[in-house]
Amino acid sequence: MDIDTQMMLMGLLLAAFVSPVIAGEWRASVVRSLDALVSSCVVIPCSFTHPEGNLPTSRLRGIWHISNQRDQCIYHEDNTLVLDNFKGRTKLLGHLGQSNCTLEIIEIKDHDSGPFCFRIELRPKETGTLEKFSFVEQCVDLKMLPDPPKLKLTHLKPAVQGHPFVLTCTVLHTCPSRAPKLTWSRGTADGIAEVNREIHAGNWEMQSILTFIPEDEDDHSDVTCTSTFNGGRTSSETLTLYVKRRENYNHIIIPTVVGIGTAVIFAFFCLFMVKKYKARIAELQSQDGNVWNRLSRLSHRIRSNGPGPSQSEQRRSMWSRFSRRRPQVDMVNQMPGDVNSKSSCSNQKVSKLYPILGISCRKMMQKN
C-alpha cells in the first residue's frame, strides 16, 4: 500500500471520528408546525445543545428570524432590530443558560405564518470573535385559525339524583403561558378543578372538571362551558342533563306489602269466622242431612207402594165409612114391626144426604 493510500485512509478515519463531534456541537429542536388562533397567542417550544456544557446566559444571545432572512428578526434582545409588525409581540420564555429557546408570540395576525427559525450567538470570554449558529433546517410554520377550537363535554357516568356527577370540559390550545379560561354556567369554585397538560410537542389540553350533585329539578336542564382565549375570543358548548331518579324499589315493595297484608288479614278473618260459627255450621250441616234423609225415605216409600188412590175413590171410601155408622142408629129407631112401617118407609123420601139409608128401607120392605 503506497503512502497516498495510507494518508487517505487516515483522513477518512479522522473525519469519521471528528464529524459527529462537530455536527453534534450545536443542535436545535423546534416543533415543525403549530396551530395559532388569530388575535390570541402561540408558544413555540425550542431547545438547543452545545459542547461546552452549561453556559451563562450573559454569554448567549437568542434570535428568532424569518427563514433565510437573518436580518428580518421577529425577536431580538435589541428591540430596535425587530420588525415593526412584531415589536412588543414576541418574548423568550426560556432561559438560554438552560438551553431553552422557547418563543411566545401574542396578538397573532393572520400573516404571522412563518416559517420562523432560531439563531444563537456566543460571546467570547475576553477577546475573540462572536460565534453564530443558525438552525435554518429547524424552523416552524404556523397555521392560522380564524375561529376558536370547539370544546368537548364528557362524562363517564350518567347523572343520578343525589349522587356526585362529574362533567369535564376540554379545549385544545397552543399557548400554555396564557391558557384559555374555562367557566361554567353553574357550580362553585369549590367544585371545579383545572388541569393544563401537554399532549404532544407544542399542543396543550386545558380541562375544567365540574363536580356537583344533581337533583330532580335538574332533569332536562342545560349546563354550559365557555372558553375565553387570550385576546377575547370565546367558544362554548352546552350539555342537556338527563337526571336518572334515585334507584329504589318502592313501586314494587309497597304494592307487595299491601297485597300480603291484605291476604293475611283476610285469612285471619276467615279463621275467626270459622271458629266463631263452627257449631252453627255443624248444626246446619246436620239439618241438611236430616232433610235429605227424610226426602229420601219418602221417595222410597212412594216407589214401593205404587200410585195412590184417585180423588173419586177417596170420596167413595169416605161415604162408605159414614154409611156403616149412621144407618144402625136409624134402623134401631124403626125396628118396631108395626104395619105402618111399610107405609112410613114407602112414604119416606130418600134424602140426598143419606142415600144408603134409603137403600136399607127398601131392603126391609122387600123382606116383609
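User: Which residue is the bridge partner of Cys225 in S17?

Analyst: Glu237 of S17 is the partner of Cys225. This is a predicted model, where local features need pLDDT of at least 70, side-chain atom pairs count only at pLDDT 80 or more, and totals for chains, interfaces and linings use all residues. Numbering runs from 1 along each chain as its sequence is written, and side-chain values use heavy atoms, leaving out hydrogens and water.

User: What makes S16 and S17 a pair?

Analyst: Pairing takes at least two DSSP bridges between two strands. Strand S16 (residues 222-228) and S17 share 7, in the antiparallel sense, so they qualify. Strands here are DSSP runs of E with at least two residues; helices are H or I runs of at least four, and both are numbered from the N terminus.

User: Why are S13 and S17 called edge strands?

Analyst: The sheet is open, with 3 strands in the order S13-S16-S17 and antiparallel pairing. Strand S13 (181-184) and strand S17 (234-240) each pair on one side only. Neighbours in this sheet are turned by 20° on average, direction ignored. Axes are lines fitted to C-alpha atoms (for helices, over the stretch in contact), and angles run from 0 to 180 degrees between N-to-C directions.

User: Why does the largest pocket lie between domain 1 and domain 2?

Analyst: Domain 1 (23-145) and domain 2 (152-241) both supply lining residues, so the pocket lies between them. The bounds come from an automatic or database assignment. A pocket is an open set of points on a 1 Å grid over the protein atoms alone, with protein on both sides within 12 Å along at least five of seven lines; lining residues have an atom within 4 Å of a point. The volume of the largest pocket is about 240 Å³, counted as the space filled by probe spheres set on the points, which are joined across faces, edges and corners. Of its 19 lining residues, Leu145, Pro149, Leu172, His173 and Thr174 are closest to the centre.

User: How do you know that residues 252-274 are helix or strand?

Analyst: The span is 100% helix and 0% strand, and its end C-alpha atoms lie 33 Å apart.

Technical notes: On a 1 Å grid over the protein atoms alone, a cavity is a set of points where a 1.4 Å probe fits but cannot get out, and a pocket is an open set with protein on both sides within 12 Å along at least five of seven lines; lining residues have an atom within 4 Å of a point.
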